[in-house]
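Please read it alongside the sequence and the 3D view.

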Amino acid sequence: MDFAALMSKEISKAKGPATPSSASSESEKPKATGKKYARRGEEEAARVAAYNEEQERLRREREERYTQKRKLEEEEADRKREREDKKRRLAEESRKKREEQEAKVERERRKKLGLPELPTPSDKDDTPLADAEEDIPDEELTEKLRELNEPTLLFGENHNTRLRRYRKLVERAAQPKLSDGPIPTTLELVPEIDMKISSTVPKEKEARHFLARQLASYFNMLLSEWEIALAKRDLSIRESFQGKQAYNAMVQSRENMKPLFRKLEKEELDKGVLEPIVEIAHKAQQRRYVDANDAYLRLSIGKAAWPIGVTMVGIHERSAREKLHQGDQQAHILSDELTRKYLQSIKRCLSFAQVRWPPDDQLQMMG
């Protein structure tokens, strides 16, 4: 027997007989699949279809959760509204009972003391409406008061008094809103990027109004920074005499500048005062504080003649004395108390500004 026959005999012994289960599975495998190979495109299409179906299922679940959440929120809002209405109704009923009890006690007290009876609720304010006042039905008036979050009916109140109360509330709401800041003002404040003030006063009305908004914004920013800087000091410095004086100076400047803001709102500031203030603010923004101080001195002191030294000797007047009393030459503008106060406050703001924003040129530092 040769070597090849021996090797084939040993290999057949190692393999052993084929099991019927493996043979049956191998015979059934092509029958179950139907075909031996599958196209990659078909597998990719099946995978995409399964992915889209999964995404659609997730989207439906998200929509269902969102709808359920919105429904729960609406139900909670309805329950909260009902609780608020019930609480308001109970409060109104308890207030009416309390007022009735107080009125009863007051009537008994006045009866014991022999005092006249209390006026009935209808006698408090039953004056008819004027011809110019338009009447509103009770149901509509109740809804309008509820929209304003106001009580629909007060104790002893009739239709006319309710209507007058509603109109007062509407007038109060129609008033211009004050802006936030150290000095509340009806002028709309501009952002810091738009606070750059020009060197001249424009002639157009809209441009002058915008200039007033710029000035109000700039001085409000100065006062805010001043207050913040004072608040950042150590407690020992704040409680010292000098620290309290510095804080009082800031508060006084803030109060004294309110008339300036009122004049800016009404555009009633005189041109002879507005132009120097614009020059002061313009040069302060450029950190030219010495030039700004010079503009302040020209505004406050002026260039008119001042009575210095002896103005009259004997019975004869000096040659230049009549120049002191000419009406077109006012020696200084500080004769007006309000003007003097807000101009001095502007000077204090300049002193703070040169510390908060020091100039690049040291020669522009005020002494």
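## Basis of the model

This is a predicted model, in which local features need pLDDT of at least 70 and side-chain atom pairs count only at pLDDT 80 or more, while totals for chains, interfaces and linings use all residues. Residues are numbered from 1 along each chain as its sequence is written, and side-chain values use heavy atoms, with hydrogens and water left out.

## Overall make-up

The protein has 12 helices and two strands. Helices (H or I, at least four residues) and strands (E, at least two) are DSSP runs, numbered from the N terminus. In order from the N terminus, the elements read α-α-α-α-α-α-α-α-α-α-α-β-β-α.

Of the 367 residues in the protein, 24% are buried. Buried means under 20% relative accessible area, exposed over 50% and partly exposed in between, with a 1.4 Å probe and protein chains only. A contact is a pair of heavy atoms within 4.5 Å. Among contacts with a separation of 6 or more, 63% join residues 24 or more positions apart.

## Helix 6 and helix 8

The axes of helix 6 (residues 205-231) and helix 8 (residues 241-256) come within 10 Å and cross at roughly 160 degrees. Axes are lines fitted to C-alpha atoms, for helices over the stretch in contact, and angles run from 0 to 180 degrees between N-to-C directions. Helix 6 and helix 8 are therefore roughly antiparallel; the classes are under 35 degrees for roughly parallel, over 145 for roughly antiparallel, 65 to 115 for roughly perpendicular, and oblique for the rest.

On the helix 6 side, Leu223, Trp226, Glu227 and Leu230 meet Ala246, Tyr247, Ala249, Met250, Ser253 and Arg254 of helix 8. By class, this contact of helix 6 with helix 8 has seven nonpolar, one polar and two charged residues. Here Ala, Val, Leu, Ile, Met, Phe, Trp, Tyr, Cys and Pro count as nonpolar, Asp, Glu, Lys and Arg as charged, and the others, Gly among them, as polar.

## Burial in helix 8

The buried residues of helix 8 are Gly243, Ala249, Met250, Ser253, Arg254 and Asn256. Their cover includes helix 6, helix 7 (235-239), helix 9 (258-266) and helix 12 (337-356).

Ser345 lies in helix 12. With a relative accessible area of 1%, Ser345 is buried. Leaving aside residues up to four places away in sequence, Ser345 touches Gln252, Ser253, Asn256 and Met257.

## Helix 11 and helix 12

The axes of helix 11 (residues 289-300) and helix 12 come within 11 Å and cross at roughly 170 degrees. That makes helix 11 roughly antiparallel to helix 12. Tyr289, Ala292, Asn293, Tyr296 and Leu299 in helix 11 meet Leu343, Gln344, Lys347, Leu350, Ala353 and Gln354 in helix 12. The residues of this contact divide into seven nonpolar, three polar and one charged.

## Positive phi in two loops

Asn149 is not a glycine, yet has a positive phi of about 60 degrees. Asn149 sits in the loop between helix 4 (138-147) and helix 5 (159-174). At 69% relative accessibility, Asn149 counts as exposed.

Glu267, also a residue other than glycine, has a positive phi near 55 degrees. Glu267 is in the loop between helix 9 and helix 10 (271-285). Its relative accessible area is 41%, and Glu267 is partly exposed.
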